[in-house]
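Let's take a walk through this structure together, starting with a strand and its neighbours and moving on to the aromatic rings. Have your viewer open as you read.

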Amino acid sequence: MLAIARQRMLGQSFKKILPAVSVLRSYSSAAKQITVREALNSALDEEMSADPKVFLMGEEVGEYQGAYKITKGLLEKYGPERVLDTPITEAGFTGIGVGAAYYGLKPVVEFMTFNFSMQAIDHIINSAAKSNYMSAGQISVPIVFRGPNGAAAGVGAQHSQCYAAWYASCPGLKVLSPYNSEDARGLLKAAIRDPDPVVFLENELLYGESFPVSDEVLDSSFCLPIGKAKIEREGKDVTITAFSKMVGYALKAAEMLERDGIYAEVINLRSIRPLDRSTINTSVRKTNRLITVEEGFPQHGVGAEICASVVEESFSYLDAPVERIAGADVPMPYAANLERMAVPQVEDIVRAAKRACYRSVPLAATA
Amino acid sequence: MALSHLAASASRSSSLLKPLSSALSLRRSISGDNSPLTVETSVPFTSHQCEAPSRSVETNPKELLTFFRDMALMRRMEIAADSLYKAKLIRGFCHLYDGQEAVAVGMEAAITKKDCIITAYRDHCTFVSRGGTLLEVFAELMGRQAGCSKGKGGSMHFYKKDSNFYGGHGIVGAQVPLGCGLAFAQKYSKDETVTFALYGDGAANQGQLFEALNISALWDLPAILVCENNHYGMGTAEWRAAKSPAYYKRGDYVPGLKVDGMDALAVKQACKFAKEHALKNGPIILEMDTYRYHGHSMSDPGSSYRTRDEISGVRQERDPIERIRKLILSHDLATEKELKDVEKEVRKEVDDAIAQAKESPMPEPSELFTNVYAKGLGVESFGADRKEVRATLP
């Protein structure tokens, strides 16, 4: 009797497992799926609802519903005093946002893309990042600067730069970059709640992508820790670090590598500053090989920092030279074929991982 | 020195016999009372897009004596800083405010500590008028623990958040959008208070100023932009930097007022007017016609682009402390000796504060790593040699 009951229970629980498994493989509609856009929108909504000091500012965030529709519906819900459309004057409105943060409000300043943040970079670095230090703790700056970062599609050199390395080099800033919807929700909520200035680097091409999210992620109290990377896929042969869109590429590369018997461990950085050196080094000590992946310019990039950190902390564990995959060392071209060459592709990550594993001689001669 | 010469030449023997009560007051420090007094400003206000306030300023003996004492203190403090810099106890940048004291004291008299002030790097006296102590000033200048920023800021980065003084900014013009942001926050919080964002004639040409002014006018922010026009942006005279040096008019659709910045009462009147205006109608610009006796900073003698005659001329004709001294003496609010005693007291206060500041130790090495973040999350930070020096940020 008991045995039959147990079998029936097992049968039922097996049925419960099945839909969850199929979600992971084929994104069926059994579990909830939300786009990154919805994730960001809901995070903003919930944080504005929870704390009346949070307000939004940026070009087209209000009546236009957001240039990329991230702030859709928020003007209607919270009113023009809390969702402010600004003129096209980044230096001015960013300074105003930082000043409001000095006073104790919690602004979320949107840059239509981070390329435009260069017009306001003095306020991000000198007025925001350094104030807590210069004032010995009197003036903290609880502000979030958010917006799309890095390459989009066909937008040319002035609209495609990745700013992760620039901002992450600056003490006093925290720099986050989500990949999926869970990241987007959890990290944005953490950023808004954090008392320090946070640069939140999104990706335009990810806004429309759907990812499964658990009930925990959808809860309004959900928050991810700042400074902790996530191991998206476990492996034993080579560590691949990535952030934002490149996490998706790294995961695809890992699938391809698996067919060749190479099991890659994919780390989604989530936080560029503080960098989770501990997770990265622990992983490399396990796999003994490292590939860093980023979209941005290679010189002085995020990968350069990760490589240096691993060489410093885990040198004796390395079985191969550390490798960097990054954007090409050129301004972003417009022509589709050149643009494709200017950003990392999945095959670039696969090739580098194989090199690290087999120590095969690379095609390009070392100068 | 020029000052004592002025005092002697301005002295008139007070032939009126003093009533007993004030004779007794010779033995106590003079403080004056609140009985109203009306004084005319040196020159009428010039206005742009608004009606100028009256030239008649209401004041009282207590206020005038406070002005005198506070400005004398600031003057002495800045001169002492000059000596400390030359003695190499102060390093880096040191931008002195002597000559401009009336702007700081006049503004403070018109507002409360709930109103915000933000300024650029010539901030020592503004810090003091917001309630900062001499010890905090000298210790910060010398990079000691007792400094207002614990020695980590320096001359350009004084702050006093509890009396709404937001610094202390080194990047020319940056403080103006920041000040408009403070005003935004005050309006958002419905505090019925205003922000004074001070900047110089050099900063007046900055683009971000106009960006912030545009937004402030659009959103009706209680922001008062105060141009402390000392006529020189470092070594460049205003007529060489600005096509239109009528800074009070530069707001175009934003009203403006030109004020004699060497007259503390005119400053007070203008700030009072501006506060009322800003709370009802949004931003307004005040141009304070003022002058700095020192060069731009301690590395600038200040005489390669100005004549010594010009500098001494202003000192003779327009010195803010002398103006108040003459006012006090002509209204018999105190005797010359009493005022001289105040100056002696103030000098002693400054000397005592310097001695105390010299006793304050330099920051502990661990302070290198504090306050990087408000919430450090336990992350690691590194010294020059990360294998030698690491720290966990609290």
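A:Val108 has A:Val144 as its bridge partner in β5(A). This pairing belongs to a set of three bridges that join β4(A) to strand β5 (residues 144-148) of chain A, the two running parallel. Keep in mind as you look that the model is predicted.

Now turn to strand β2 (residues 54-58) of chain A, which is joined to β4(A) by five bridges, again in a parallel arrangement. Here A:Phe55 finds its bridge partner in A:Pro107 of β4(A).

How covered is β4 itself? Of the five residues in strand β4 (residues 106-110) of chain A, five are buried. In a regular strand, side chains alternate between the two faces of the sheet. For β4(A), one side carries A:Lys106, A:Val108 and A:Glu110 and the other A:Pro107 and A:Val109, and all of these are buried, so both faces are covered.

An unreviewed UniProt entry annotates residues 34-209 of chain A as "domain: Transketolase-like pyrimidine-binding". Over that stretch the chain is 37% helix and 16% strand, with its end C-alpha atoms 8 Å apart.

Next, the aromatic rings. Searching the whole structure gives 17 aromatic pairs over all chains. One of them is A:Tyr102 with B:Tyr166: the ring centres are 6.3 Å apart and the planes are at 5°, so this pair is stacked. It crosses between chains, with A:Tyr102 in helix α4 (residues 90-103) of chain A and B:Tyr166 in the loop between α6 (134-141) and α7 (175-188) of chain B. Both A:Tyr102 and B:Tyr166 are buried.

Within chain B, B:Phe184 and B:Trp219 make a tilted pair, 5.8 Å centre to centre with 55° between the planes. B:Phe184 belongs to helix α7 of chain B, while B:Trp219 is in the loop between α8 (207-218) and β6 (223-229), so the pair ties together parts that are 35 residues apart in sequence. These two residues, B:Phe184 and B:Trp219, are buried as well.

Back in chain A, ring pairs link up into a cluster made of A:Phe93, A:Phe111, A:Phe114, A:Phe145, A:Tyr163, A:Trp166 and A:Tyr167.

Finally, look for charges over rings in chain B. The charged end of B:Arg315 sits over the ring of B:Tyr293, at 3.9 Å from its centre. B:Arg306 lies over the face of B:Tyr232, 5.7 Å from the ring centre.

Definitions and conventions:
Residues are numbered from 1 along each chain as its sequence is written. Chains are lettered from A and ligands numbered from 1 in the order in which they are written. This is a predicted model: local features need pLDDT of at least 70, side-chain atom pairs count only at pLDDT 80 or more; totals for chains, interfaces and linings use all residues. Side-chain values use heavy atoms; hydrogens and water are left out. UniProt positions are given in the numbering used here, feature names are shortened, and annotations may be inferred rather than shown by experiment. Helices (H or I, at least four residues) and strands (E, at least two) are DSSP runs, numbered from the N terminus. Rings of Phe, Tyr and Trp (its six-membered ring) pair if their centres lie within 6.5 Å; planes under 30 degrees apart count as stacked, over 60 as edge-to-face and the rest as tilted. Buried means under 20% relative accessible area, exposed over 50%, partly exposed in between (1.4 Å probe, protein chains only). A charge sits over a ring if NZ of Lys or CZ of Arg is within 6 Å of the ring centre and within 35 degrees of the ring normal. Two strands pair if DSSP finds at least two bridges between them.
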